[in-house]
Amino acid sequence: MVDYFEERGINALEDASARRAHLESQIMRLMADFNLFEELGMPNQLAPPASKEVVNNLAEEKVTKDDGGKCDICLKEYEAEELIKIMPCKHRFHSECIHAWLSKTNSCPLCRHELPTDDKFYEDYRKEKKRAKERDADIANLHNSMFS
């Protein structure tokens with residue numbers, strides 16, 4: 001006897017992940033369209049920790065005598081020959097300080113540049129927020145091109 005999926009020529013395992021991803025993106029779009037993120041308190045929530053893989057792969061640099069400077073988290077001066085971590089936004093911190101910071105939130109303590117997280121829901125929220133800004137900019141450009 002042929003089951004439902006074989007009868008319709010569907011590979012249940014392969015197609016299920018694609019359908020699930022499509023459904024999740026549609027749900028995120030719906031939540032953004034009806035401002036449900038605000039209703040659920042998402043914008044006021046602290047972002048999840050940065051991805052461990054991203055944190056472990058931050059660029060490192062050895063401090064020379066001429067570099068000087070200080071860590072903006074602990075406010076201590078860098079010592080010569082000390083290894084420091086450099087964020088993608090080019091801000092520099094002690095390795096221990098930035099690891100502790102990024103274990104609580106995913107952004108740079110100075111400029112709030114966000115690193116990727118391991119939280120899929122938060123990443124989808126971020127993408128949808130970015131798309132909403134792009135849509136607003138496109139609508140403004142369209143309006144300006146029509147009425148200027």
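Biologist: Is Tyr122 buried or exposed?
Modeller: This is a predicted model. Tyr122 has a relative accessibility of 11%. Buried means under 20%, so Tyr122 counts as buried.

Biologist: Which residue forms an aromatic pair with Tyr122?
Modeller: The structure holds one aromatic pair. The two rings lie 6.1 Å centre to centre, and the cut-off for a pair is 6.5 Å. The partner of Tyr122 is Tyr125.

Biologist: Which class of geometry does the pair Tyr122 and Tyr125 have?
Modeller: The planes of Tyr122 and Tyr125 make an angle of 45°. Stacked needs under 30 degrees, and edge-to-face needs over 60.

Biologist: Why are Tyr122 and Tyr125 separated by about one helical turn, and which helix holds them?
Modeller: An α-helix has 3.6 residues a turn, so residues three or four places apart point the same way. Tyr122 and Tyr125 are three residues apart, which means about one turn between them. Both sit in residues 120-146, helix H6.

Biologist: What is the relative accessible area of Tyr125?
Modeller: Tyr125 is among the buried residues of H6, as are Tyr122, Glu123, Asp124 and Glu128. Buried means under 20%. For Tyr125 the value is 5%.

Biologist: How far does H6 reach from its first C-alpha to its last?
Modeller: H6 has 27 residues. At 1.5 Å a residue, 39 Å is expected. The span in the model is close to that, at 39 Å.

Biologist: Which residue has a side-chain oxygen that reaches the backbone nitrogen of Phe121?
Modeller: This contact is at the start of H6. The oxygen comes to within 3.1 Å of that nitrogen. It belongs to Asp119.

Biologist: What is the relative accessibility of Ile84?
Modeller: Ile84 is in strand S2, residues 83-86. Its contacts beyond four places in sequence include Ala59, Val63, Tyr78 and Phe93. Ile84 counts as buried, at 0%.

Biologist: What separates the C-alpha atoms of Ile84 and His94?
Modeller: Ile84 and His94 are ten residues apart along the chain. Ile84 touches His94, and Arg92 and Ser95 are also among its contacts. The C-alpha separation of Ile84 and His94 is 4.8 Å.

Biologist: How far apart are the end C-alpha atoms of residues 71-112?
Modeller: An unreviewed UniProt entry annotates this stretch as "domain: RING-type". The stretch is 19% helix and 17% strand. Its end C-alpha atoms are separated by 16 Å.

Biologist: How far apart are the C-alpha centres of domain 1 and domain 2?
Modeller: The domain assignment places domain 1 at 1-42 and domain 2 at 52-103. Between their C-alpha centres the distance is 41 Å.

How values were computed
Residues are numbered from 1 along each chain as its sequence is written. This is a predicted model: local features need pLDDT of at least 70, side-chain atom pairs count only at pLDDT 80 or more; totals for chains, interfaces and linings use all residues. Side-chain values use heavy atoms; hydrogens and water are left out. Rings of Phe, Tyr and Trp (its six-membered ring) pair if their centres lie within 6.5 Å; planes under 30 degrees apart count as stacked, over 60 as edge-to-face and the rest as tilted. Helices (H or I, at least four residues) and strands (E, at least two) are DSSP runs, numbered from the N terminus. Buried means under 20% relative accessible area, exposed over 50%, partly exposed in between (1.4 Å probe, protein chains only). The expected span of a helix is 1.5 Å times one less than its number of residues. A polar contact is a pair of N or O atoms within 3.5 Å; within protein, one must be able to donate a hydrogen and the other to accept it, and residues adjacent in sequence count only if both atoms are side-chain atoms. Contact means heavy atoms within 4.5 Å. Domain bounds come from an automatic or database domain assignment. UniProt positions are given in the numbering used here, feature names are shortened, and annotations may be inferred rather than shown by experiment.
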